[in-house]
Amino acid sequence: MGARTGREASRITGARDIATVFVLAAVIVSFALLEPVFLSTRNWVDIGRVYYTELAFMAVSATIVIIIRGIDLSVAAIFALTAVTIGVLVVDHSVNIWVAAIIGLLVGTAAGLLNGVLIAYVGISPIVTTLGTLTLYRGISLGITKGRNLGGFPTSFTDLGQGTVLGIPTQVWGLAATLIIVAVVLGRTVAGRWMYAMGGNPEASRLSGIPVRRMTLVVYSSAGLLAAMGGVVAAARFNTSRSDFATGGEFNAITAAILGGVSIAGGRGKIAGAAVGAMIIAVLRNGLTLRGFSGFVQIVAIGLILLGAAIVDRALVARRTAQGVATQLENGGEEGESAASATESTIAEQDSGGAPAFTGGGPDGV
Amino acid sequence: MLKWLKGVVTNREVLLALVLLAVFLGVGIRVPRFVSRGSIINLLFDASTVGIVAIGLTIVIIGGGIDISIGSILVASAIMAGLIAQEDVSPWIAVGTGVAGGAALGAVNAMLITKLKIPPIVATLATLSIFRGVLTELTKSKLIGGLPSSFTAIGKGRVGGVPYPVWIMLGLFVVAALAMRFTGFGRVVYSIGSNEAAARLSGVAVSRYQALTYVISGSLAGLAGVVFVARNGTVLPTSGSGLELLVIAAVVVGGTNIFGGEGSIAGTAVAAVLLQTITSAMVVLGISSAWQGAVIGVTILVGVTIFVFGQRRRERELLA
């Protein structure tokens, strides 16, 4: 029974992954044909540096939270808070840049931890919690900088955002290492399995002995750390920090995750998918900029691709339901039962798809 | 009597109103002009955009949905109304265009959510980008300005010393509160939000009512867009960005359950005014404007924490 449902589930994610990679390939081929410089090494260095890495850090952050059926609207605010923490410490308090960077990462992690505490222990829903902390963290960033640009960092630090190693931007190496670590944790560890279980069925997870509250803290703290890493890269790349860094970036991060096949209802999605989703957005923005299209055309294109992805998701889930029913009708006995359980789970998924999208760890619905 | 009093005081809307009153009087003691008639009118004037949009979003959220495209609908409708108003037509035609435009965009959301079954957050995340992008791209060469005074009067004119937008907001609060409380529509929206499957099984046309909530939300965002452009005389492509977060904040601080089924227009109304009062109070108290965001963030978190604790206590009492 397990084998059969497992196979069906992997067929779904398989089809979805192929669709995601196909969209990326289609976007790359179109721009390569339209714009000769698009495929140049220099342009790809540019994509990695300017368009991709910081978005991908935030997308991974958003992904691990969405997998446990949460949502983090404060991801871009944590990103900015980290950057300005570094700026304030270095400029106003003459702190060593590396010490400042580490404090920045700690502040980002603490910001994530506060989200986790409010969600898991106070019991406020993820969307409301992170809406409040989004305002709070942006507010603190503006408050401590008073709107100033704080920068002028040593080159050893700015090399993180402006330099290259073996021809590839330094931050892309850091991102790659991070992606591998997070992917291994999700795919190969008990903690990863717990996270998918929490997203799939929070109540059953709790009853089966998964430390749901503690895991929620760990996941939101890790999400804070990942967003903070993006913030460090941004401070290094711009050689400055501002409280309005990545304004609205939470929406891009969530979009990248959904493009990559991460289910907004939780329990499903991969880090590789989020990485590809972020790449689609990065390549699209870069290509449209090369073609001279404004930021507004770019956001429309991203919005349309997001809608397309959502429609494909619905179609795949609907097909799986239909197949499940068909198998159930064909076979009796155990086979039929297994198909029935598969069908039930997809119907449950559909219901959560049509219902309010923000479900999550908080026991109370405020 | 004591029990009745306790019931009144622990009522969300009353509690919020008491907090609002306390903030008012507290600031008023330090800065007496804060409680003057003119100051209160200005405060309501500043709250009117969020207030009008928040009515629609409250209805959507009570019905179990969410709409984060409202800021984009506002700006798109403002552009449409502004472009029409520039042609020196009757101001009513411009108003109608803005509201109808907002309703049409709300209908797009409704179709994506109820027909294509895309989760509301994903659908409106996409249209958040699409609405703003398409409208600003189509109209990028046409600057909005030099609007006729007959049109700008909608945003600036006063009756009895109170600006029209405040009357519009207050009027809509009353109408929406009565509609949600006393009509079949209101009852159906609450029932869908608290248990969609049960509502469907009991014969409610769930999709149709859900669709209607998004159209209402779109129309009100459209109306707010009209008021916005009439008041400011122009509209920028970036106007109203981030508005969705402020509006959701007003709705949840007002006690509406983000998962649907619970909440009230009155709560939203008081919360919208409360958030604006806190912002204005910081200005008159001379608190650096840089810290306003942080204070609003803390207000949101404290507000919802109190409600969560209140809810838990009620649940315990029910069990006991």
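Predicted model: local features only at pLDDT ≥ 70, side-chain atom pairs only at ≥ 80, totals over all residues.
**Conventions.** I number residues from 1 along each chain as its sequence is written, and chains are lettered from A and ligands numbered from 1 in the order in which they are written. Local features need pLDDT of at least 70 and side-chain atom pairs count only at pLDDT 80 or more, while totals for chains, interfaces and linings use all residues.

**Chain totals.** I looked up the secondary structure, taken as DSSP runs numbered from the N terminus (helices H or I, at least four residues; strands E, at least two). Chain A has 14 helices and four strands; chain B has 14 helices and two strands. I then checked burial, where a residue is buried if 20 or more other C-beta atoms lie within 10 Å of its own, exposed if 12 or fewer, and partly exposed in between, with C-beta atoms placed from the backbone. Of the 366 residues of chain A, 55% count as buried; of the 320 residues of chain B, 53% do.

**Contacts within chains.** I use a contact if the C-beta atoms of two residues, placed from the backbone, lie within 7 Å. Among contacts between residues at least 6 apart in sequence, 78% in chain A join residues at least 24 apart. For chain B the corresponding share is 77%.

**Extent of chain B.** The C-alpha atoms of chain B fill a box of roughly 65 × 55 × 35 Å along the principal axes. Its radius of gyration, taken over C-alpha atoms, is 20 Å, which agrees with the value near 20 Å for a compact globule of 320 residues. The globule rule is 2.2 Å times the number of residues to the power 0.38.

**Interface.** I found 50 residues of chain B in contact with 48 residues of chain A. On the chain B side, the elements giving two or more residues are helices H6 (120-138), H12 (243-253) and H14 (292-319). That side has 31 nonpolar, 14 polar and five charged residues. Here Ala, Val, Leu, Ile, Met, Phe, Trp, Tyr, Cys and Pro count as nonpolar, Asp, Glu, Lys and Arg as charged, and the others, Gly among them, as polar.

**H2(A) against H12(A).** The axes of H2(A) (residues 41-67) and H12(A) (residues 271-290) come within 8 Å and cross at roughly 145°. Axes are lines fitted to C-alpha atoms, for helices over the stretch in contact, and angles run from 0 to 180 degrees between N-to-C directions. By class, this contact has 15 nonpolar, three polar and two charged residues.

**H4(A).** The 26 residues should span 38 Å, and the end C-alpha atoms are 36 Å apart, which agrees. Gly123(A) follows H4(A) with a positive phi, near 90°.

**Positive phi in chain A.** Most residues other than glycine have a negative phi. Ser94(A) has phi near 50° and is found in the loop between H3 (75-93) and H4 of chain A. Ser94(A) counts as exposed because it has 8 C-beta neighbours inside 10 Å. Ala246(A) has phi near 55° and lies in the loop between strand E4 (240-241) and helix H11 (249-259) of chain A. Ala246(A) is buried, with 23 other C-beta atoms within 10 Å.

**Phe259(B).** I located Phe259(B) in the loop between H12 and H13 (265-284) of chain B. Phe259(B) counts as buried, with 22 C-beta neighbours inside 10 Å.

Terms used. Expected span 1.5 Å × (residues − 1).
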